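Opening the notebook on a new model today.

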Amino acid sequence: MANGTASGLNSDWSEGKAELHVILLCSVVLVIAAIIVAGNSLVVLSVVCNRRLQTKTSAFITSLAVGDLMIGLVLMPLIVVSNTVGPSVENGLKYCHVTISIAVMLMFNSVANLGAVTFDRFLAVVVPLRYKSIMTKRLIVPIIAFVWVFSTIFGFIPFMGWRTVIEPERSSGLFCQVPLNLAQGYIITVCVVGLLPSIFVLAAYLKIFQTAYHHELRIAAAINSVLRTNQNDLKLNMIKEMKAAKMVALVLGAFIFSWCPLFVIMIVDIAMKHSVNSYIYAGGVIFATLNSALNPVIYASMNSEFRDTFKALLQCQSISANRVAPGTV
């Protein structure tokens, strides 16, 4: 592991203040952070307050929402602090180091949570008769615990020594820059470990939708048989599970759409030997965080239970099982 440290870090920055464009960038970050916190707080509160939403799938969705909540509450304020306060204080790069590690941690937290909820949907659709016996609390809790432990350890590996620190210059743009605070090998590892699970998740969804299509054909063929009642029940259950799968697939699509530009920037920056402008890098990071703001919108648009619960919470109304329509997750 490489562990280099430049002498006299942030000496060129100590006498200056944050420039106007940095302040404007940070203002945008704080606005997005407020939207993320508001939306994901609604998701968590909805699951806590509405018993209909306290399902196995919602356990993983809640874990994902908590990770998104941390992006708004912790990561984005740290981005502001590291680029406005960091340049003018002694050892200001420590703020930057913590910010980058938390960013990597929460990125992998999102990837791992999406993998977990995809596994849940895979079992529900591909092996529906065994789903309840497999996906129990004894399995859900360890999966969620593993997601958080794995992402935290991976995000803070640089603090264990895998880090190369290069002093930023004023002419290089922002004070806190990813390429100047991480070893190139670690950045490559982040790209690989971040992209590979997405491929497996996409493959799993291909199998999910193929299986659902075949189930639908078999149900349609048997709908007029003596087992019509059972077949109708099976069809209703399949519709319910597929609605949940489609919602999660849309969340996955939003994640790929939001995070891919950052991965591309990281790969291009490595190939071009750190020549990508720091503001482009920062733009990629900010665009990636938009994913955390999109997820609550997806839940509300795809799931009537979430939508009605959001409305009840915003209107400060009580949430009762009789008042809220049956959900689809």
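Predicted model: local features only at pLDDT ≥ 70, side-chain atom pairs only at ≥ 80, totals over all residues.

**Cysteines and a helix pair**

Taking cysteine sulfur atoms within 2.5 Å as the rule, I get a count of one disulfide. The bond runs between C96 and C176, with S to S at 2.1 Å.

Which hand does the disulfide have? I looked up the torsion about the S-S bond of C96 and C176: it is about 85 degrees, so the disulfide is right-handed.

Next I checked where the two ends sit. C96 is in helix α3 (residues 93-126), while C176 is in the loop between β2 (163-164) and α6 (184-222), so the pair ties together parts 80 residues apart in sequence.

Buried or exposed, I asked of C96 and C176? Both are buried. I also looked at two other residues: C26 has 6% relative accessibility, and because buried means under 20%, C26 counts as buried. C49 comes out partly exposed, at a relative accessible area of 39%.

Then I moved on to the helices. How do the axes of α8 and α9 cross? Helix α8 (residues 278-302) and helix α9 (residues 304-314) have axes that come within 5 Å and cross at roughly 110 degrees. The two are therefore roughly perpendicular to each other.

I listed the contact as well. On the α8 side I noted P296, Y299, A300, S301 and M302, and they meet S304, F306, R307 and F310 in α9. Sorting the residues of this contact by type, I have six nonpolar, two polar and one charged.

Technical notes:
Residues numbered from 1 in each chain as written. Heavy atoms only, no water. Helix = DSSP H or I, 4+ residues; strand = E, 2+ residues; numbered from the N terminus. Buried < 20%, exposed > 50% of the residue type's maximum accessible area, 1.4 Å probe, protein only. Axes fitted to C-alpha atoms, helices over the stretch in contact; angles between N-to-C directions. Parallel < 35°, antiparallel > 145°, perpendicular 65-115°, else oblique. Contact = heavy atoms within 4.5 Å. Nonpolar A, V, L, I, M, F, W, Y, C, P; charged D, E, K, R; others polar.
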